[in-house]
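The tour moves from stop to stop, with something to select at each.

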Amino acid sequence: MSETSLDRETVEEYARWFRALADPIRIRIMRFLSSRTDPVPVGEIVAHLRLNQSTVSHHLKILHTARFLTRRRSGASIRYAVNPRCVTGFPSAAGLLLGAPIRPLREPGAG
């Protein structure tokens, strides 16, 4: 595959990734979670952002669906963390789109 062309599947995946980050609340969530070493319960994210739980849950779902976040149940709560695989995958995708000679990836952090 040349650096100037991407297959349709890759283009659609990259578009999903960028859409997932195309909201200030989701960027705030990612920034907050990236500063934490352990998974964070939804209630703590809600308290930090000072937003209602339904709003935060909506944005967490979008980020999780795009695989930017991992989640696990802990008792009655769900804890979220940044997917460590996206730390390399998303910058690689962004670099490719901006002209850096990087091979496209199928998911954040795959490689």
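In what order do the three strands of the open sheet run, and is the pairing parallel or antiparallel? The order is β1-β3-β2, and the pairing is antiparallel. Strands here are DSSP E runs of at least two residues, helices are H or I runs of at least four, and both are numbered from the N terminus. Two strands pair if DSSP finds at least two bridges between them.

Before going on, note that this is a predicted model: local features need pLDDT of at least 70, side-chain atom pairs count only at pLDDT 80 or more, and totals for chains, interfaces and linings use all residues. Residues are numbered from 1 along each chain as its sequence is written, and side-chain values use heavy atoms, with hydrogens and water left out.

**The sheet**

Select β1 (40–41) and β2 (69–74). These are the edge strands, each pairing on one side only. Pick R71 and you will find its bridge partner in β3, Y80.

Next, show α2. This helix packs on the sheet and touches β1, β2 and β3; contact means heavy atoms within 4.5 Å. The direction of α2 makes about 85° with that of β3. Axes are lines fitted to C-alpha atoms, for helices over the stretch in contact, and angles run from 0 to 180 degrees between N-to-C directions.

**Two helices**

Select residues 24–34 for α2 and 42–49 for α3. Their axes come within 11 Å and cross at roughly 115°. From α2, show R28, I29, F32 and L33; from α3, show E44, I45, H48 and L49. These residues make the contact. They divide into five nonpolar, one polar and two charged.

**The aromatic pair**

Go to α1, residues 8–20, and select Y14 and W17. Their rings form a tilted pair, 5.2 Å centre to centre with 35° between the planes. Ring centres must lie within 6.5 Å to pair, with the six-membered ring used for Trp; planes under 30 degrees apart count as stacked, over 60 as edge-to-face, and the rest as tilted. Y14 and W17 are separated by about one helical turn because they are three residues apart in α1. Both are buried (under 20% relative accessible area; exposed is over 50%, partly exposed in between, with a 1.4 Å probe and protein chains only).

**Last stop: D38**

Select D38, in the loop between α2 and β1. At 54% relative accessibility, D38 counts as exposed. Now pick V82, 44 residues away along the chain. The C-alpha atoms of D38 and V82 are separated by 9.5 Å.

How values were computed
Nonpolar A, V, L, I, M, F, W, Y, C, P; charged D, E, K, R; others polar.
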